Amino acid sequence: MNIGAAIFKILGDDSTLLGLLGGVKKIYPLRAPQSETFPYVVYQKNSVSANDSKDGASTLDVVRVQFDFYHDNFDLNYEISEQARTVLDKYRGTIGGISVDSCNYLTENEGWEDEDDIYRLSVDYSFRIKRTGSISGGNGSSHTTIWTTQKFTNQTSTSITVSVADLPTSDFDLYLEIYRDGILMIHGVNYTIIGNVITPSFAFMGENILVKFKPS
């Protein structure tokens, strides 16, 4: 599952956290772009545990996610982490197309990035995710949502044009995913869309681009 859709909306929709990040949703999966400025947040899914059922596929997954907070100011980095905890800890609801039964704070530890002379604070959370609806499993049910995938290799242009014009017109966080060399980019921060033309906020440098979307 793409729990990132829920994470991005939970954190990105909090005005206090957004203000601490400089007014920009600098929340990234796996790693931030090299050109990104501090502060920012990076998250990664470390493990998924399913509640096995003899009657079919798991209906509840426990997902452990690590959040890394980066800042050149030690105290402000803690302030961002604490605000994220205020938003995430004990969260429950459906957001970004993901049904979160609960979210629980687990552990945290401090770090230092010598290469960038930057503070890092790593915090782990446990998400209980309900799996309902169109889930493929041993009971014969199947996926009802079909994503369209298009690949673009060795891109050097300033934009890419997908071969169909039915890109989603809303809910981009839920219905559109764009990967740059395997790293998910976030709409509104890394690229803009006009019609079926996608233009990034940076120049492509011979990279591979993967576009996935489904009707909204």
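Predicted model: local features only at pLDDT ≥ 70, side-chain atom pairs only at ≥ 80, totals over all residues.
Reader: How many helices and strands does the chain have, and what share of its residues count as buried?

Author: The chain has 4 helices and 13 strands, and of its 216 residues 43% count as buried.

Reader: How should I read a salt bridge, and how many does the structure hold?

Author: The general idea is that side chains of opposite charge can pair when their charged atoms come close. The structure holds 8 salt bridges. In one of them Lys-25 pairs with Asp-13, with the closest N and O atoms 3.7 Å apart. Because Lys-25 lies in the loop between α2 and β1, and Asp-13 in the loop between α1 and α2, the pair ties together parts that are 12 residues apart in sequence.

Reader: Which residues are linked with Asp-101 in a network of salt bridges, and is Asp-101 buried or exposed?

Author: The network links Asp-101 with Arg-92, Arg-128 and Lys-130. Asp-101 has a relative accessible area of 14%, and because buried means under 20%, Asp-101 is buried. Arg-92, its partner at 3.4 Å between the closest N and O atoms, counts as exposed at 59% relative accessibility. Lys-130 meets Asp-101 at 3.9 Å, N to O, and this pair links distant parts of the chain, with Lys-130 in strand β6 and Asp-101 in strand β5, 29 residues apart.

Reader: What lines the second largest pocket?

Author: About 390 Å³ of space lies in that second largest pocket. Among its 17 lining residues, the closest to the centre are Pro-33, Gln-34, Ser-35, Arg-180 and Phe-202. By class, the lining has 8 nonpolar, 4 polar and 5 charged residues, and strand β10 gives the largest share, 3 residues.

Technical notes. Residues numbered from 1 in each chain as written. Heavy atoms only, no water. 1 Å grid on protein atoms, 1.4 Å probe; cavity = no way out; pocket = protein on both sides within 12 Å on 5 of 7 lines; lining within 4 Å. Points joined across faces, edges and corners; volume = space filled by probe spheres on them. Helix = DSSP H or I, 4+ residues; strand = E, 2+ residues; numbered from the N terminus. Nonpolar A, V, L, I, M, F, W, Y, C, P; charged D, E, K, R; others polar. Buried < 20%, exposed > 50% of the residue type's maximum accessible area, 1.4 Å probe, protein only. Salt bridge = Lys/Arg side-chain N within 4 Å of Asp/Glu carboxyl O.
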